[in-house]
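Reader: I would like to learn how to read contacts, helix packing and aromatic pairs in a model. Please take them in turn.

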Amino acid sequence: MSDYPRSASAPMVLVLAVGASFGAATSLVNALAHQTVDLESRAAAVGGWSVMEIVSILFDSGWAWAGLAVLTGWLATRAGRQGAAAPVRGAVAGTLSLLVATAAYYALDTIVHQVPIGSYVYDTIFWALAAVLFGPVLGTIGACAGRPGAIGVLARVTVPVGAAVQMVVQPPGRNEVLTAIGQWVVWTAAAVSIAVVVVHFIRARPTRTA
């Protein structure tokens with residue numbers, strides 16, 4: 001019985017670690033991206049781009065943060081942790097990961113940009129409220145990703161479909177070149193991800209014998 005609390009808390013420790021790592025990585029990638037381009041130059045405004053800016057677009061986007069909550073919802077409920085309580089664990093994991101990621105993002109931003117820690121109070125509160133609002137839903141979707149059948153398929157394609165839609169509704173980048181590259185990368189990755197999920201679902205279906 002002494003091993004139960006440890007094994008039960010292990011997924012949440014992983015969830016917190018993943019959230020903190022994602023938030024810190026996003027802040028760092030954004031800072032590195034800004035260092036690779038002179039935003040005051042005409043070339044940068046018209047068509048300039050860098051690899052780090054593309055990476056920044058991928059990290060610092062709504063679909064990527066939504067994907068974090070879905071991923072951690074799945075991590076908290078995988079390995080036999082499905083059941084009646086799985087959606088609750090997924091919801092908690094999705095919310096916690098977004099809250100920790102938000103805190104890590106702005107904490108590192110204060111270091112990178114050398115500004116007082118109070119500079120991001122309102123931004124932190126705003127995105128923390130967004131985490132509380134959307135985290136439970138996204139985490140629950142992640143908890144359903146491990147399920148067989150149509151529910152599992154729909155849960156697994158939520159992030160790639162959302163990413164593809166965001167590229168249309170809210171194109172990334174500060175110029176047409178960055179927008180085109182960002183859209184191409186995301187659309188390609190989304191199409192491949194959806195195809196893999198669908199193929200796996202079809203192959204996993206039991207074959208009917210005559």
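Reader: Which residues does Thr 36 touch, not counting residues up to four places away in sequence?

Author: This is a predicted model, in which local features need pLDDT of at least 70 and side-chain atom pairs count only at pLDDT 80 or more, while totals for chains, interfaces and linings use all residues. Residues are numbered from 1 along each chain as its sequence is written, and side-chain values use heavy atoms, with hydrogens and water left out. Contact means heavy atoms within 4.5 Å. Leaving out residues up to four places away in sequence, Thr 36 touches Ser 50, Met 52 and Glu 53. Thr 36 sits in the loop between H1 and helix H2 (42–46).

Reader: How is the packing of H3 and H8 described?

Author: Two packed helices are described by the angle between their axes and the distance between the axes. Axes are lines fitted to C-alpha atoms, for helices over the stretch in contact, and angles run from 0 to 180 degrees between N-to-C directions. Helix H3 (residues 51–59) packs on helix H8 (residues 176–204) at an angle of about 55°, and the axes are 10 Å apart. That makes H3 oblique to H8; angles under 35 degrees count as roughly parallel, over 145 as roughly antiparallel, 65 to 115 as roughly perpendicular and the rest as oblique.

Reader: Which residues meet there?

Author: From H3 come Glu 53, Ile 54, Ile 57 and Leu 58; from H8 come Leu 178, Ile 181, Gly 182, Val 185 and Val 186. By class, this contact of H3 with H8 has 7 nonpolar, 1 polar and 1 charged residues. Here Ala, Val, Leu, Ile, Met, Phe, Trp, Tyr, Cys and Pro count as nonpolar, Asp, Glu, Lys and Arg as charged, and the others, Gly among them, as polar.

Reader: Is Ser 97 buried or exposed?

Author: Buried means under 20% relative accessible area, exposed over 50%, partly exposed in between (1.4 Å probe, protein chains only). Ser 97 has 0% relative accessibility, so Ser 97 is buried. This residue lies in helix H5 (residues 86–112). Thr 36, at 41%, is partly exposed.

Reader: How many aromatic pairs does the structure hold?

Author: A pair of aromatic rings is described by the distance of the centres and the angle of the planes. Rings of Phe, Tyr and Trp (its six-membered ring) pair if their centres lie within 6.5 Å; planes under 30 degrees apart count as stacked, over 60 as edge-to-face and the rest as tilted. The structure holds 6 such pairs. Phe 22 and Phe 59 are stacked, because their ring centres are 5.9 Å apart and their planes are at 20°. Phe 22 belongs to helix H1 (residues 3–35) and Phe 59 to helix H3, 37 residues apart. Phe 22 is buried at 15%, and Phe 59 is partly exposed at 28%. Tyr 106 and Tyr 120 form a tilted pair, with 5.3 Å centre to centre and 35° between the planes.

Reader: Which residues form one aromatic cluster?

Author: The cluster consists of Phe 22, Phe 59, Trp 65, Tyr 105, Tyr 106 and Tyr 120.

Definitions and conventions: Helix = DSSP H or I, 4+ residues; strand = E, 2+ residues; numbered from the N terminus.
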